[in-house]
Amino acid sequence: MNATTDLAAGQSGADPRLTRLAAWISGLPPELELDPASLQPASSDASFRRYFRLGMGAGTAVVMDAPPDKEDCRPFLHVAGLLRDAGVHVPQVLAQDPAQGFLLLSDLGRTTYVDYLRGQPTPHDTHRIYMDALASLVKLQQSATTGLVHYDKGRLATELELFPDWYAARYRDLPLDASDRDALNAVFDTLIDANLAQPFVLVHRDFHSPNLMVTDLPADGPNYGPNPGVIDFQDAVVGPITYDLASVLTDARTTWDEAQQLDWGIRYWEMARKAGLPVPGDFAEFHRAYEWMGLQRNLRILGVFARLAHRDGKRHYLDHMPRVNTYVRQVAGRYLAFKPLMKLLDKLDGRQAATGYTF
């Protein structure tokens, strides 16, 4: 019994997809030089997708398992093509069976940005990989957007509802009364109108450290191509140009202080202008747009993480709540337009109210 069979047999009662996956791999063309016996779990994410790694020739490949009754591989295939055409380093699709929910992909390595940062790299190395990420983001934002849905008021409003429904009512156990709800609705309308007024480009939606791979590791190790590799892009939409910048600079898993956010924000803005992307010529205007987009996204993330913890039992997402809350407060405490939000946050978090608005 080989490793693949062992893996499948050990879980066959609870996981019949693993047996089907092993059979699909074994039936792929021999010229791929796959080693089915080497199949091992690689990772999973917040959805129903999971990933396996196996030997392929002198290297390795990755298999995506996306149960078709819960996930659809076709958006991944479509967006991968758009990004690859724009010069973004994404996995190559080596074999596919969307009907079963299986994809064989080129391997972009084992080290995500968040893994790399846990190794406490030097400031120089950290800066280098983030400059690579910003350059990749500029390419991504020049991608075609054919066939992608657009963010509109309804979609943005639905995402924001996760905050009162899951962060306030479930995580903080403080359902909002009518007065708080009215105040929050007014804040939501302000955010949505401002963010919809931005230029629209392709938006990854989770362009952050877990979905960026460090591919150019030391010369004595495997080299997986130009840094970074970009993954988990299947939910891409057309939306505000500052969205993905806010994702990477106010990352739920990595704390960047405001000085670092500002430094990388300026560098991105300079690269975007040079590439002809539709960013404002005044950095202060751009920075405000970035902050307001980040506030909207991080309010949504507070709700998403609360839902993952309370509905799906993924309690480890609660570890990131304090960091995301800090990012929310960083912006909400700076602008008078969000004074009602700060008051509500203080109530939900059991804090004494503070003032200090600058705009």
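This is a predicted model: local features need pLDDT of at least 70, side-chain atom pairs count only at pLDDT 80 or more; totals for chains, interfaces and linings use all residues.

Biologist: Let's start with helix 12, then: how far apart are its end C-alpha atoms?

Modeller: They are 16 Å apart, which agrees with the 16 Å that the 12 residues of helix 12, residues 321–332, should span at 1.5 Å a residue.

Biologist: And how many of the residues in helix 12 are buried?

Modeller: Nine of the 12 are buried, so helix 12 is largely enclosed by the rest of the structure. Among the buried residues of helix 12 are Met321, Asn325, Tyr327 and Arg329.

Biologist: What covers the buried residues of helix 12?

Modeller: The cover includes helix 7 (162–171), helix 9 (243–249), helix 10 (258–275), helix 11 (283–310) and helix 13 (339–349).

Biologist: Moving on to helix 10, which of its residues are buried?

Modeller: In helix 10 the buried residues are Gln261, Trp264, Gly265, Tyr268, Trp269 and Ala272. They cover an arc of only 150° around the axis, which puts them on the same side of helix 10.

Biologist: Why would residues a few places apart point the same way?

Modeller: An α-helix has 3.6 residues a turn, so residues three or four places apart point the same way.

Biologist: Okay, and what do those buried residues of helix 10 pack against?

Modeller: They pack against helix 5 (123–140), helix 9, helix 11 and helix 12, whereas the face turned away from the buried side of helix 10 carries the exposed residues Ala259 and Lys274. Just after helix 10 comes Gly276, which takes a positive phi of about 85°.

Biologist: Changing topic, how many residues are in the largest nonpolar core?

Modeller: The largest nonpolar core has 51 residues, and those with the most contacts inside it include Tyr268, which is also one of the buried residues of helix 10. Phe207 is another residue with the most contacts inside that core, and, leaving aside residues up to four places away in sequence, Phe207 touches Ala133, Leu137, Leu140, Leu212, Val230, Asp244, Ser247 and Val248. There is also a second, separate core of 43 residues, which includes Leu184, Tyr243, Ile301 and Leu302.

Biologist: One last thing: is Gln296 buried or exposed?

Modeller: Gln296, whose place is in helix 11, counts as buried because its relative accessibility is 3%, and the cut-off for buried is under 20%. Not counting residues up to four places away in sequence, Gln296 touches Leu156, Leu160, Leu191, Ile192 and Asn195.

Conventions. Residues are numbered from 1 along each chain as its sequence is written. Side-chain values use heavy atoms; hydrogens and water are left out. Helices (H or I, at least four residues) and strands (E, at least two) are DSSP runs, numbered from the N terminus. The expected span of a helix is 1.5 Å times one less than its number of residues. Buried means under 20% relative accessible area, exposed over 50%, partly exposed in between (1.4 Å probe, protein chains only). Contact means heavy atoms within 4.5 Å. The arc is that of the directions from the helix axis to the C-beta atoms. A nonpolar core is a set of buried Ala, Val, Leu, Ile, Met, Phe, Trp, Tyr and Cys residues joined through side-chain atoms within 4.5 Å.
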